[in-house]
Amino acid sequence: MSRDIGEIASEWVVFEIKQFDILTIGDLCADLVMMGDDLVPGFSQEEKLVDGYALRMGGSCSIFASQAARLGLRVGLIGVVGDDAFADLILDTLEESGVDTSLVLVDPQVQTGLSVHLQQPDDRSILTYLGTITSVLPEHVSTELLHSTRHLHVGSYFLLPQLQAAFPTIVQEVKKAGGTVSLDTNWDPEEKWDRGLGQVLDYTDVFIPNEQELPAITRTHSIWAGLEKLKERIPIVAVKMGGDGALVQEGEALWRATVPEAEVVDTIGAGDSFDAGFLYGFLQGKPVEECLAIASACGSATVRAAGGTAGQLWEKDLAEWVPKIQIALAKSKG
Ligand SMILES: Nc1ncnc2c1ncn2[C@@H]1O[C@H](COP(=O)(O)OP(=O)(O)OP(=O)(O)O)[C@@H](O)[C@H]1O
Ligand SMILES: [Mg+2]
């Protein structure tokens, strides 16, 4: 039986193809990692010799973007770099991983941000020059861009002061266009843990703090109390616990991941790589425990190499790394 074209069109489901799987707004910087047993500087012109160094792309959002792109996601990164050699290092690294760098702006008036990590075997100290890290402005984040992504990842919330007032509107725009939002604030250098964060949390689908950040943000005294407080408010909360693995809460269910013991070179970017792995699973609609396993594989792989990106996995590596992660149900739905 033939049917009228109008009748058929009214049954069509319209799928909008978005330009990006993930968009992130970033703190782009370089990391100079110095390695040795005694890196405490001696002033009065003392010169100390160190065991080695690595010069890599740093920045929470840029490391995140690199990992997400290596997993095959279409990733756009909004950020600012200077016109210098560190900017070249950052852009080359992002492009090698497959990140779309067309949204990265160059500001020749400001130096690219730089962190010097003094990495001793059991501790580290970081010296940071912010430079272009804080140069991202609300006008760099157009509504059109926010509507062109399936997902927005907000990282380094506290390092982007010029954007903080705009973040509630930014996340609402993404949701208005049917997108989802994840948040990893990372550390607050002022340790106030607020600055309008509550309004962003209300639009967050996946919240990914570490074990120190969760109690600080929820103003509780433990991970457990923090998770309880967010149960009704945020659909998925994943908590990173370094070498002790990670947790994920979805409603009443709580899963725990245990990672194999690793020979740690440094843990730079482990949390950001974890975030990207989690969202790789989330955007495919995988169950949270599978997202947790992928995230944990990505996090634990990065610690074996210096800096945030050298040890990151590619999508093809997941088949080898994910089975190394043990997942257990810590608390069930019922
Ligand atoms: N020492 C380690 N051994 C093995 N895996 C680790 C180690 N440290 C971190 N990881 C892996 O990386 C994940 C995230 O690490 P971590 O808890 O350090 O996040 P974070 O504090 O957010 O890190 P970041 O410094 O990037 O902000 C862990 O859940 C784990 O899977
Ligand atoms: Mg972190």
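Trainee: Which residue in strand 6 is the bridge partner of Met34?

Mentor: Leu118 is the bridge partner of Met34. Keep in mind that this is a predicted model.

Trainee: OK. How many bridges join strand 2 to strand 6, and do they run parallel or antiparallel?

Mentor: There are 7 bridges between strand 2 (residues 29-35) and strand 6 (residues 113-120), and the two run parallel.

Trainee: And what about strand 6 with strand 7, parallel or antiparallel?

Mentor: Antiparallel, again with 7 bridges. Val116 has Leu127 in strand 7 as its bridge partner. Strands 6 and 7 make a hairpin, with 2 residues between them.

Trainee: In what order do the strands of that sheet come?

Mentor: The order is 3-2-6-7, an open sheet of 4 strands with mixed pairing. Strand 3 (52-58) and strand 7 (123-129) are the edge strands, each pairing on one side only. On average, neighbouring strands in this sheet are turned by 20 degrees against each other, direction ignored.

Trainee: Which helix packs on the sheet?

Mentor: Helix 3 (residues 85-97) does, touching strand 2, strand 3 and strand 6. The direction of helix 3 makes about 70 degrees with that of strand 3.

Trainee: Switching topic: what's the strand order in the open sheet of 10 strands?

Mentor: Read it as 5-4-1-8-9-10-11-12-13-14, with mixed pairing. Strand 5 (104-106) and strand 14 are at the edges with a single partner strand each, so one side of each has no neighbour in the sheet.

Trainee: Is strand 14 buried or in the open?

Mentor: Largely in the open, because the number of buried residues is 0 out of the 6 in strand 14 (residues 326-331). Strand 14 pairs with strand 13 (residues 253-258) in the antiparallel sense over 5 bridges. Look for Trp255, which stands opposite Leu329 in strand 14.

Trainee: And how do strand 1 and strand 8 pair, parallel or antiparallel?

Mentor: Strand 1 (residues 20-25) and strand 8 are parallel, over 4 bridges. Phe20 has Thr149 in strand 8 as its bridge partner.

Trainee: Which strands does helix 6 lie across?

Mentor: Strand 8 and strand 9, and helix 6 runs at about 155 degrees to strand 8.

Trainee: Which residues of helix 6 are buried?

Mentor: In helix 6 (residues 167-176), the buried ones are Phe167, Ile170, Val171, Glu173 and Val174. Looking down the axis of helix 6, they fall within an arc of 155 degrees, so they line one face of the helix.

Trainee: What covers the buried residues of helix 6?

Mentor: The cover includes helix 4 (143-146), strand 8 (149-155), helix 5 (161-164), strand 9 (180-184) and helix 7 (197-201). Just after helix 6, check Gly178, which takes a positive phi of about 85 degrees.

Trainee: How many residues of helix 2 are buried?

Mentor: For helix 2 (residues 60-70) it's 11 of 11, so to speak mostly covered. The buried residues include Ser60, Gln67 and Arg70.

Trainee: Now the largest nonpolar core: which residues touch the most other members?

Mentor: Ala68, Ala238, Phe278 and Leu292, in a core of 87 residues. Helix 11 (residues 288-302) gives the most to this core, 9 residues. In general, nonpolar side chains tend to be buried together in soluble globular proteins.

Trainee: What does Phe278 touch?

Mentor: Not counting residues up to four places away in sequence, Phe278 touches Val206, Ile208, Ala238, Cys291, Leu292, Ile294 and Ala295.

Trainee: Where does Ser296 lie?

Mentor: In helix 11. Ser296 has 29 other C-beta atoms within 10 Å, and 20 or more makes a residue buried, so Ser296 is buried. Leaving aside neighbours within four places in sequence, the contacts of Ser296 are Gly245, Ala246, Ala257, Val259, Phe274 and Ile325.

Trainee: How far apart are Ser296 and Thr112?

Mentor: They're 31 Å apart in space, C-alpha to C-alpha, and 184 residues apart in sequence.

Trainee: Last one: which residues are closest to ligand 1?

Mentor: Asn210, Lys240, Gly243, Gly271 and Gly299 are the closest of the 21 residues that surround ligand 1. Helix 10 (270-282) and helix 11 each supply at least two residues of that shell. The largest share, 4 residues, comes from helix 10.

Terms used
Residues numbered from 1 in each chain as written. Chains lettered and ligands numbered in written order. Predicted model: local features only at pLDDT ≥ 70, side-chain atom pairs only at ≥ 80, totals over all residues. Core = buried A, V, L, I, M, F, W, Y, C linked by C-beta atoms within 7 Å. Buried ≥ 20, exposed ≤ 12 C-beta atoms within 10 Å, placed from the backbone. Contact = placed C-beta atoms within 7 Å. Arc of directions from axis to C-beta. Pairing = 2+ DSSP bridges. Axes fitted to C-alpha atoms, helices over the stretch in contact; angles between N-to-C directions. Near = placed C-beta within 6 Å.
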